[in-house]
Amino acid sequence: YRKFRGLLAIALRDKLLQENINLYLDRIDVKPNKIEFLTQQELLNLSKAPCEIPVLKKASLFSCLTGLRYSDVQRLEWSNIVPNLEGTGYNIRTRTKKTQAEISLPLSPDALELCGERSDGVVFIGLNRNMLNAPLRRWISEAGITKHITFHSFRHSCISKMNNRCKIPYVVKYLDGHSLSGETDRR
């Protein structure tokens with residue numbers, strides 16, 4: 001709705017409209033969506049449940065551990081997984097597709113293990129959007145989870161876990177890959 005109103009404003013500015021139609025439009029209040037996420041027990045159940053597509057399972061659990069969006073998991077390359085400064089583990093260093101924010105996230109040993117054997121190119125070879133419908137729903141159902149879970153819910157699961165551990169919103173926002181400027185935060 002905001003984009004539509006913005007388009008009307010541009011049309012008025014460019015003299016494609018003779019009067020400001022926005023003055024006659026009522027505001028539409030958007031109801032916030034219910035944000036679903038997995039509990040620790042549900043994550044455990046999901047990790048134990050069989051999935052017909054192994055790369056879907058690995059990429060999904062990876063998102064649960066890192067908080068990366070589907071678009072960033074799908075295009076993650078081995079070159080983005082680099083040793084941390086202490087030399088004790090690895091970080092993900094990349095620019096997110098949606099916000100273009102540059103991130104450096106610590107990578108847990110469990111998350112690194114989900115990546116498989118190191119090679120060149122894309123980490124989760126074969127991951128595609130067709131897997132996010134029926135195959136994902138079947139796997140979630142197999143785990144006994146009745147919530148409406150999408151791939152993006154895995155990101156929320158990670159963020160929820162971070163919020164429980166770290167009570168400093170600025171830190172969670174940074175680790176989540178959101179812009180730290182004064183801009184409005186949009187997921």
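The questions and answers below go through those labels one at a time, for a model that is predicted.

Q: Why is the pair of Phe151 and Phe154 called edge-to-face?
A: Happy to walk through it! The ring centres of Phe151 and Phe154 are 5.4 Å apart, and the limit for a pair is 6.5 Å.

Q: Where do Phe151 and Phe154 lie?
A: Both are in helix α7, residues 151-165. They are three residues apart, which is about one turn of the helix.

Q: What makes Phe151 and Phe154 buried?
A: The cut-off for buried is under 20% relative accessible area. Phe151 has 5% and Phe154 has 0%, so both count as buried.

Q: Which residues form one aromatic cluster?
A: Phe151 and Phe154 belong to it together with Tyr70 and Trp139. The count of aromatic pairs in the model is four.

Q: How do you know that the buried residues of α2 are on the same side of the helix?
A: Helix α2 spans residues 40-48, and its buried residues are Glu42, Leu43 and Leu46. They cover an arc of only 100° around the axis, so they sit on the same side of α2. Gln40 and Lys48, on the other side of α2, are exposed.

Q: Why is Tyr1 called partly exposed?
A: Partly exposed is the range between the buried limit, under 20%, and the exposed limit, over 50%. Tyr1 has a relative accessible area of 37%, so it is partly exposed.

Q: What makes Leu25 partly exposed?
A: Leu25 is at 28% relative accessibility, so it counts as partly exposed. Leu25 is placed in the loop between α1 and α2. Its C-alpha atom is separated by 8.8 Å from that of Arg5, 20 residues apart along the chain.

Q: How do you know that β2 and β3 pair?
A: At least two bridges are needed for a pair. Strand β2 (residues 90-95) and strand β3 (residues 102-107) have six bridges, in the antiparallel sense. Asn91 stands opposite Pro106 in β3. Between the strands of this hairpin are six residues, and Gln100 takes a positive phi near 60°.

Note on methods:
Residues numbered from 1 in each chain as written. Predicted model: local features only at pLDDT ≥ 70, side-chain atom pairs only at ≥ 80, totals over all residues. Heavy atoms only, no water. Helix = DSSP H or I, 4+ residues; strand = E, 2+ residues; numbered from the N terminus. Buried < 20%, exposed > 50% of the residue type's maximum accessible area, 1.4 Å probe, protein only. Phe/Tyr/Trp six-rings, centres within 6.5 Å; stacked < 30°, edge-to-face > 60°. Arc of directions from axis to C-beta.
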